[in-house]
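Welcome to my notebook. I jotted down what I looked up here, one topic at a time.

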Amino acid sequence: MASPLHMENGTHYRRMTSPIPIDLQLLRRFDKPGPRYTSYPTAPLFSEQYGPKQFEVDLITNNHEESGPLSLYLHIPFCDTLCYFCGCTTVVTSNRRQIADYVEQLKREIDRTARYIDKKRPVVQLHFGGGTPSYLVPEQIRDLGAFVRRQFSVGEDAEISAEIDPRGLTREHLEAFRSVGVNRISVGVQDFDERVQAAVHRIQPESLTRQTVEWAQEVGIEHINFDLIYGLPRQTPESFEHTLRKVVELSPSRIAVFNFAYVPWIKPHQKLIHLEDLLLPEVKLQLLKLTVERLTGAGYLYIGMDHFARPDDELATAQRTRTLHRNFQGYSTRADADLFGFGMSSISHFGTVYAQNAKTLAEYAQAVNAGQFATKVGYRMNRDDRVRKHVIMRLMCDLQLEKADVEERFDILFDEYFDESLNKLTEFVAAGLIEQTIEHIRVLEPGRLFLRNIAMCFDAYLERMKGLSIFSRTV
């Protein structure tokens, strides 16, 4: 039987019949705690020695004639109910006054920051993250989106995205998001199996997800991402294969399949999960193997880490053209933009600076209401940080690195500078995960599963964090 064709915007691509093969033995071997490298250095190194005054100074320094485009992140932390698996910074509430007050605080922070940024700098990316941005009422979505557009110059071709929870969603919510320019949504699915949903306190009938997709398409939102999680309580290879099959039928542009991190010492609400429902590590690895094989077999490209995309999606194009980037929202197609995060716990990264806002609602509100920046911790990168960040990000995004390019950019001798790192890479070479020559380092197809492990070889700070339970497992 002929392979079926998918079509989007007139572009056809043929479903692949040869999925990426996964070696369970290698998964077991390299499964260890490690950073996700949405930043380098990673967030545990951020310090309270960096605060609002330092942030203001760096804002002024950053805003000059050569300053580039902007990426904006708006954190909406509120949720109606608590999902037991959640690792995000959230506030579970039904208090609409509290939510309205926060939106006003968010606008005050945006206004204060915008005063330091040249209006000519275009916004090429805007993301409504959470929590649950769709927990706002439609009027608040329109108001907040319009406010951002008054403070910044949002480009006509900007990627404007929002995270969506189908539960409680109405068509009016999606109409409101579309009215402020949203052209991509990420739909929280996690798992279609009812037993799994009950175990993690997130009851979401399949019909709600399908309705969300239909409404999005009707209001003109063309690009739809699905977020799944493998390793959830009560999942089995059979049940998750059923979920993957349904997801492929709905044909989203991108699929993110995250590894469930059971970290009750960091997220105490995870203690609500019944221990007998947790999966054995071996089953989690089987689920990962199943996920990669099924999605690549269905025609999705494995970008790396936990991301899959259609061959005609911008993410896949960016990887082919080596313009892919990685930040606190994961993989991104807007590589040269300075990121400014607004709201509690949000993180900004511009130039050589990382700055994170206060993580609690009360502390964030206190700072903003006092007319101050809400910066709680931050970090200024040194030269070695910049060199290592470049190497880590290029390997994770391009899946290859030309040593001569790094030498020219940073005026170093690559093999000498990274002598210790290259020694650590030898086990990945022996395992057939990377190719290393005098000229380059290239991640081979099976190595895409181990990008975090490969990047760890170039991390100068891991040793000092050894023994701390702060990272999820790499696979």
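This is a predicted model: local features need pLDDT of at least 70, side-chain atom pairs count only at pLDDT 80 or more; totals for chains, interfaces and linings use all residues.

**Cysteines**

I began with Cys 79, which is buried, at a relative accessible area of 11%. Residues are numbered from 1 along each chain as its sequence is written, and side-chain values use heavy atoms, leaving out hydrogens and water.

How many disulfides does a search of the whole structure find? I got 0, taking a disulfide as a pair of cysteine sulfur atoms within 2.5 Å. Cys 79 is in no disulfide, and its nearest cysteine sulfur, in Cys 86, is 6.2 Å away. Cys 457 is in none either, with the sulfur of Cys 397 nearest at 17 Å. I found Cys 457 buried too, with a relative accessible area of 6%.

**Nonpolar cores**

Next I looked at the largest nonpolar core, which has 137 residues. (A nonpolar core is a set of buried Ala, Val, Leu, Ile, Met, Phe, Trp, Tyr and Cys residues joined through side-chain atoms within 4.5 Å.) Leu 72, Leu 74, Phe 128, Phe 152 and Phe 458 touch the most other members. A second, separate core holds 10 residues, among them Tyr 84 and Ile 229.

I then followed Phe 458: leaving aside residues up to four places away in sequence, its contacts include Tyr 40, Arg 388, Phe 414 and Ile 441. Contact here means heavy atoms within 4.5 Å.

**Second largest pocket**

How much space lies in the second largest pocket? I noted about 840 Å³. (On a 1 Å grid over the protein atoms alone, a pocket is an open set of points where a 1.4 Å probe fits, with protein on both sides within 12 Å along at least five of seven lines; lining residues have an atom within 4 Å of a point.) Of its 34 lining residues, His 325, Ala 335, Asp 336, Lys 389 and Arg 394 are the closest to the centre.

Which helix gives the largest share of the lining? I found that H12 does, with 6 residues. Helix H12 spans 383–398, and strand E6 (122–130) is one of the other elements supplying at least two residues. (Helices, H or I with at least four residues, and strands, E with at least two, are DSSP runs numbered from the N terminus.)

Notes:
Grid points are joined across faces, edges and corners, and a volume is the space filled by probe spheres set on the points. Buried means under 20% relative accessible area, exposed over 50%, partly exposed in between (1.4 Å probe, protein chains only).
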